[in-house]
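This report describes the fold, the dimensions and selected residues of a single protein chain. The sequence and the model are shown first, and the description follows.

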Amino acid sequence: MPIIKKRKSIIILGMMLVFAGMVYVALPYFYVKHDRTLEVSLNEKVKDEHTNTVFLGDLITYDWKRAHLFHPYTEKQI
């Protein structure tokens, strides 16, 4: 009997760790506020004018001091 209880405990612990890992990975996704208005206006601007140059100040309606642009798959550097 002790072997069966140990096996059940290990399975339950494993399931809890998997669930905790999923929550750890998914939680930031729900808390990051994305600016969909900016995304839509950028897409419209590029499509309408067929240009590669966009002035962010014309599209952003809130106070900002700095913009950081990252290429896809940019490596994190410390």
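A helix is here a DSSP run of H or I with at least four residues, and helices are numbered from the N terminus. Ile 11 belongs to such a run, helix H1. The model is a predicted one.

**Overall architecture**

The protein chain contains 3 helices and 0 strands, and its elements follow one another along the sequence in the pattern α-α-α. Helix H1 covers residues 2-31, helix H2 covers residues 36-49, and helix H3 covers residues 56-59.

The radius of gyration of the protein chain is 23 Å, whereas a compact globule of 78 residues would have a value near 12 Å. Along the principal axes, the C-alpha atoms fill a box of roughly 75 × 25 × 25 Å. Of the 78 residues, 5% count as buried. The accessible surface of the protein chain amounts to about 8500 Å², and 63% of this area is supplied by carbon and sulfur atoms.

Three residues, Phe 19, Val 23 and Leu 27, form a nonpolar patch on the surface, and together they have about 280 Å² of accessible area. In an α-helix there are 3.6 residues a turn, so residues three or four places apart point the same way. Phe 19 is located in helix H1, and it counts as exposed because its relative accessibility of 57% is over the 50% cut-off.

Leu 17 also lies in helix H1. Its relative accessibility is 58%, and Leu 17 is therefore classed as exposed. Ile 11, by contrast, has a relative accessible area of 47% and is therefore partly exposed, since that class lies between the 20% and 50% limits.

**Helix H2 and the segment that follows**

Helix H2 has 14 residues and reaches 20 Å from its first C-alpha to its last, which is close to the 20 Å expected at 1.5 Å a residue. Just after H2, His 50 adopts a positive phi of about 50°. In the loop between H2 and H3 is Phe 55, which counts as exposed at 57% relative accessibility.

Leu 59 is part of helix H3. When residues up to four places away in sequence are not counted, Leu 59 touches Leu 38, Ser 41, Leu 42, Lys 45 and Val 54.

**Separations in sequence and in space**

The following table sets sequence separation beside C-alpha to C-alpha distance for selected pairs.

| Pair | Separation in sequence | C-alpha to C-alpha distance |
|---|---|---|
| Leu 59 and Arg 36 | 23 residues | 12 Å |
| Leu 17 and Val 40 | 23 residues | 39 Å |
| Ile 11 and Gly 57 | 46 residues | 54 Å |
| Phe 55 and Lys 6 | 49 residues | 63 Å |

Leu 59 and Arg 36 are 23 residues apart in sequence and 12 Å apart in space. For Leu 17 and Val 40, a separation of 23 residues goes with 39 Å.

Methods
Residues numbered from 1 in each chain as written. Predicted model: local features only at pLDDT ≥ 70, side-chain atom pairs only at ≥ 80, totals over all residues. Heavy atoms only, no water. Helix = DSSP H or I, 4+ residues; strand = E, 2+ residues; numbered from the N terminus. Expected span 1.5 Å × (residues − 1). Patch = residues over 30% accessible without salt bridge, like charges linked within 9 Å, V, L, I, M, F, W, Y side chains within 5 Å. Areas by Shrake-Rupley, 256 points an atom, 1.4 Å probe, with all protein chains shown as cover. Salt bridge = Lys/Arg side-chain N within 4 Å of Asp/Glu carboxyl O. Buried < 20%, exposed > 50% of the residue type's maximum accessible area, 1.4 Å probe, protein only. Rg over C-alpha atoms; globule rule 2.2 N^0.38 Å. Contact = heavy atoms within 4.5 Å.
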